[in-house]
Amino acid sequence: IYSTTNVISDKAAVDAHYYAGVVYDYFKNKFNRSGIDGNNMAMKSSVHYLKNWVNAQWTGTQMMYGDGDGVKATALSGSLDVVGHEMTHGVDQYEANLTYRDQSGALNESLSDSFGTFIEFYAQPSKADWLLGEDVWTPNTPGDALRSMANPTLYGQPDNMKNYVYTSDDNGGVHTNSGIPNKACYLTATNPSVGVQKAEQIYYRALCNYLTSSSTFHDARLALAQSAEDLYGANSSEYNAVISAWDSVGVN
């Protein structure tokens, strides 16, 4: 972010810059990870992308944020969990590199939602919740959000494999079917034996050590269970919580 004076009045740019720093600190403090690639690559953010663009994205090299249209959303960089979501796509690119289609693509989206939420609990604990994008979504509708991890069906996502959506749209429904692993993450992290701080360790270990580009939901269950076992022991309450969560969403 650059200004010829000491005053920077572009809120979208300030938010993108500040929240990128928060996300960097999260990964460094929690996992000793130095930036998106683990080697302190430059964190580039562009704001005001296109006109009234209601979206944000990781391009493979940087983050891009639209300004929204003022009705469906305001500037997307104004939500920490959105910034965390996009930057986690970058982390995934340098780790599991989940193929962006079908179940692996839905896992890609879900992991970004999960870490976007974990980051919110880390940096904004007094307002943290299991909603995504609530700070910028439909500004005229209080309490609304883009997605809910606690109740994916609120926003048209399935929360169980029996309702998995088979489609060719959106790379096989990656933004739809992510509701299933999202619900599993919510159930894991809210289990009294786990909590957010243990859940994020389990999820990060799975992302960096066990998930691969072609991982399915079943593979994610196995990866997360193995990570819980590595960290907390075989047949530990944390391990059993992971198994229970994935059982609950119909992934065996």
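Mentor: Let's start with helix 1, which supplies three residues, the largest share of the lining of the second largest cavity. Helices here are DSSP runs of H or I with at least four residues, strands are runs of E with at least two, and both are numbered from the N terminus. This is a predicted model, where local features need pLDDT of at least 70, side-chain atom pairs count only at pLDDT 80 or more, and totals for chains, interfaces and linings use all residues. Residues are numbered from 1 along each chain as its sequence is written, and side-chain values use heavy atoms, with hydrogens and water left out.

Trainee: What makes Val23, Tyr24, Phe27, Gly35, Ile36, Met87 and Val91 the lining of the second largest cavity?

Mentor: A cavity is a set of points on a 1 Å grid over the protein atoms alone where a 1.4 Å probe fits but cannot get out, and a lining residue has an atom within 4 Å of a point. Those residues line the second largest cavity, so each meets that cut-off. Helix 1 (11-31) and helix 2 (80-93) are the elements giving two or more residues to this lining.

Trainee: How many nonpolar, polar and charged residues does the lining of the second largest cavity have?

Mentor: Six nonpolar, one polar and no charged. Ala, Val, Leu, Ile, Met, Phe, Trp, Tyr, Cys and Pro count as nonpolar, Asp, Glu, Lys and Arg as charged, and the others as polar, so Gly lands among the polar ones.

Trainee: How many cavities of 30 Å³ or more does the search find?

Mentor: Two, across the whole structure. Volume here is the space filled by probe spheres set on the points, with grid points joined across faces, edges and corners.

Trainee: Which helix gives the most to the lining of the largest cavity?

Mentor: Helix 3, with three residues.

Definitions and conventions: 1 Å grid on protein atoms, 1.4 Å probe; cavity = no way out; pocket = protein on both sides within 12 Å on 5 of 7 lines; lining within 4 Å.
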